[in-house]
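Q: I would like a close look at one part of this model, its aromatic side chains. Please take me through them step by step.

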Amino acid sequence: MRRAIMRVTYQGKDITKDLAAYLLSASYTDHAGGMSDDLTIRLRDDEGLWKGDWLPQPTERVEAVLVATDWHGPKDNHELRLGSFEVDEVRFSGAPDVVEIKASSAFVTQALRQESRSRGWKSTSLKAVAGQIAKEAKISLDWQAPTACTFERLDQRDESDLSFMDRLCRERSLELKVHDAKLVVYSPKEQEAQAPAMTIERGVATLSGYSLAYRTSGTYRACAVTWRNADKAEDQLHTFRPADAPAVGQTLNVQGRVESLAEAQERARAELREANKEALSGDIPLMGEPGLAAGMVVNLKGFGSFDKPNWFIEQCVHSLDASGGYRTDLSIRKILEY
């Protein structure tokens, strides 16, 4: 019999059965990068249990697993480990009385996310700095980027470690994510080259709707970066324009200066990609798909000019309700050629 549940462990104790009579909904939001994953559980509180002895305390640990049984047919069983979270916010509302418990990735500590620092490094690499920050946060580094990204000088100026690392990664077309006790750095360009995990076809019953859009505001045809030519002792401008750029449009001018032509080329490509990556985007609600996650690739069928090329999942939300209904909502973007 097809069914889906979320198995929840609180402070090391399995409370799935305790929650069952009160559960209204549960959802897990998975981000490809830049933001921490989160878990939200909504419960009936007619008896005031969560205002009393069951009141969750900040930073208490929650672990969750999505279990789908006989989902696409007999013996098609899935267990999706969602991760470990810490209680971040508890909200009460009524009538009727409802409590909403929000929890964020347990390994995105307050120090990592909010504590501002100022410090510098000489003759280092982004990989080395990421390793140091991960060690300080008592998590491990999962470096999946193709290069270490070297620097003669690197400065962190009144930024949290997470904001600092996220900025450096985005300037180099990399993504940063904290997941399951790991600081993960990867190349979305390499992720985008993977085979599609699923074809989403218009008119098929598992698709409950769609929203696709393109925009021109805030997008650019080229990007210009200033770099220092040490041999000529002068500043020079490098402009990157992709092969499929429109004939007319704005040029994105990056503030500041980099120290080499190679760095200017890398930075210009990364900044243009970051600015334009949401130019074609969409939202796809599906019947529950436990095999999908942020960072995967899908393709579309039956949507005309939106069918090609493939699409990248920026955000994936798995949601369950009290009746056992399970849905997966995707936020997707067109994969750029550069």
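How many aromatic pairs does the structure hold?

A: The structure holds nine aromatic pairs. Rings of Phe, Tyr and Trp (its six-membered ring) pair if their centres lie within 6.5 Å; planes under 30 degrees apart are stacked, over 60 edge-to-face, and the rest tilted.

One of the pairs joins Tyr-22 and Trp-54. The arrangement is edge-to-face, with 6.2 Å from centre to centre and 85° between the planes. The two partners come from distant parts of the chain, 32 residues apart. Tyr-22 sits in the loop between helix 1 (16-20) and strand 3 (23-31). Trp-54 sits in the loop between strand 4 (38-44) and strand 5 (61-69). Helices (H or I, at least four residues) and strands (E, at least two) are DSSP runs, numbered from the N terminus. Tyr-22 counts as buried because its relative accessibility is 13%. Trp-54 has 39%, so this residue is partly exposed. The cut-offs for relative accessible area are under 20% for buried and over 50% for exposed, with partly exposed in between (1.4 Å probe, protein chains only).

Tyr-210 and Phe-303 make another edge-to-face pair, at 5.0 Å between centres and 85° between planes. This pair also links distant parts of the chain, 93 residues apart. Tyr-210 is in the loop between strand 13 (198-201) and strand 14 (211-214). Phe-303 is in the loop between strand 19 (297-301) and strand 20 (311-321). With a relative accessible area of 41%, Tyr-210 is partly exposed. Phe-303 has 8% and is therefore buried.

Back to Tyr-22 and Trp-54: together with Trp-50 they form one aromatic cluster.

A charge meets a ring too. Arg-2 lies over the face of Trp-71, 4.7 Å from the ring centre. The test asks for NZ of Lys or CZ of Arg within 6 Å of the ring centre and within 35 degrees of the ring normal.

A note on the basis. This is a predicted model: local features need pLDDT of at least 70 and side-chain atom pairs 80 or more, while totals for chains, interfaces and linings use all residues. Residues are numbered from 1 along each chain as its sequence is written, and side-chain values use heavy atoms, without hydrogens or water.
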